[in-house]
Amino acid sequence: GRKKGKNGMCKEKQGGGSMIYLCMAAAVFVGDLFIKNHMERSLADGKERKRCKGLLRFRLHHNEGAVLNAGQKRRPMVAALSVFLTVIVAAAFILSLGQGNRMLKTGLSLLLGGGFSNTYDRLRRKYVVDYFSFGFGGKRFSRIVFNLSDFGIIIGAMMAALAGTRP
């Protein structure tokens with residue numbers, strides 16, 4: 001639960017408010033899973049749909065490795081590493097719930113939801129479904145295909161790292 005602090009802002013009670021962080025992780029996982037399933041049904045591999053004057057591009061890509069297809073010839077090792085890292089993040093997330101650092105909990109929520117989604121893909125589909133890229137930032141950047149979970153992982157990791165530098 002929340003109560004008003006001295007400055008009128010809401011603050012979390014000790015041990016309370018954990019549900020919002022669990023819901024945040026679940027929203028990243030379920031939202032991305034929904035989009036991945038939709039893209040698999042509606043977008044043929046190799047086809048592209050451009051939006052926002054070509055700045056946003058929807059295209060289906062099956063990533064059989066890790067970041068940028070690294071390790072695609074070693075899928076079992078990539079999947080095992082993905083499970084291991086997701087368990088580590090889950091443990092850090094659980095331990096963070098008893099703390100007051102909202103930035104850390106938010107970052108770990110995003111990181112966990114994204115990690116679970118991509119790990120689920122690696123175990124269930126044997127590849128991660130990526131489905132959008134950007135039409136700016138140069139040729140190399142525009143060839144990279146992302147999914148929502150990738151941004152949960154990137155933003156979550158940055159938030160967790162920044163939270164660790166705050167007093």
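The model is predicted. The chain holds five helices and five strands. Along the sequence, these elements follow the order β-β-α-β-β-α-α-β-α-α. The chain has 167 residues, and 38% of them are buried. Its accessible surface amounts to about 10300 Å². Carbon and sulfur atoms account for 66% of that surface. Among contacts with a separation of 6 or more, 59% link residues 24 or more positions apart.

Helices α1 and α3 pack against each other. Helix α1 spans residues 18-42, and helix α3 spans residues 102-124. Their axes come within 8 Å and cross at roughly 30°. Angles under 35 degrees count as roughly parallel, so α1 is roughly parallel to α3. The crossing of the two helices is right-handed. On the α1 side, the contact is made by Tyr21, Met24, Ala25, Val28, Phe29, Asp32, Leu33 and Lys36. On the α3 side, the contributing residues are Arg102, Lys105, Thr106, Ser109, Leu110, Gly113, Gly114, Phe116, Ser117, Asn118, Tyr120 and Asp121. By type, the residues of this contact divide into nine nonpolar, six polar and five charged.

Ser109 belongs to helix α3 and takes part in the contact with α1. Its relative accessible area is 0%. Buried means under 20%, so Ser109 is buried. Beyond its neighbours within four places in sequence, Ser109 is in contact with Tyr21, Met24, Ala25 and Phe93. Tyr21, Met24 and Ala25 are also among the α1 residues that make the helix contact. Ser109 can also be placed relative to Ile153. These two residues are 44 residues apart in sequence. Their C-alpha atoms are 9.3 Å apart in space.

The loop in question runs between α4 (138-142) and α5 (148-165). The relative accessible area of Val145 is 13%. That value falls under the 20% limit, so Val145 counts as buried. Leaving out neighbours within four places in sequence, Val145 is in contact with Arg59, His61, Asp130, Tyr131, Phe132, Ser133 and Asp150. Two of these partners, Arg59 and His61, fall within strand β4 (56-63). His61 lies 84 residues from Val145 in sequence. In space, the C-alpha atoms of Val145 and His61 are 6.9 Å apart.

Strand β3 covers residues 48-51, and β4 covers residues 56-63. Cys52 is found in the loop between them. Phi of Cys52 is near 55°, a positive value in a residue other than glycine. Lys53 lies in that loop as well. Phi of Lys53 is also near 55°, and Lys53 is likewise not a glycine. The relative accessible area of Cys52 is 54%. Exposed means over 50%, so Cys52 is exposed. Lys53 reaches 86% relative accessibility and therefore also counts as exposed.

Technical notes: Residues numbered from 1 in each chain as written. Predicted model: local features only at pLDDT ≥ 70, side-chain atom pairs only at ≥ 80, totals over all residues. Heavy atoms only, no water. Helix = DSSP H or I, 4+ residues; strand = E, 2+ residues; numbered from the N terminus. Buried < 20%, exposed > 50% of the residue type's maximum accessible area, 1.4 Å probe, protein only. Contact = heavy atoms within 4.5 Å. Areas by Shrake-Rupley, 256 points an atom, 1.4 Å probe, with all protein chains shown as cover. Axes fitted to C-alpha atoms, helices over the stretch in contact; angles between N-to-C directions. Parallel < 35°, antiparallel > 145°, perpendicular 65-115°, else oblique. Left-handed = near helix turned anticlockwise from the far one by under 90°. Nonpolar A, V, L, I, M, F, W, Y, C, P; charged D, E, K, R; others polar.
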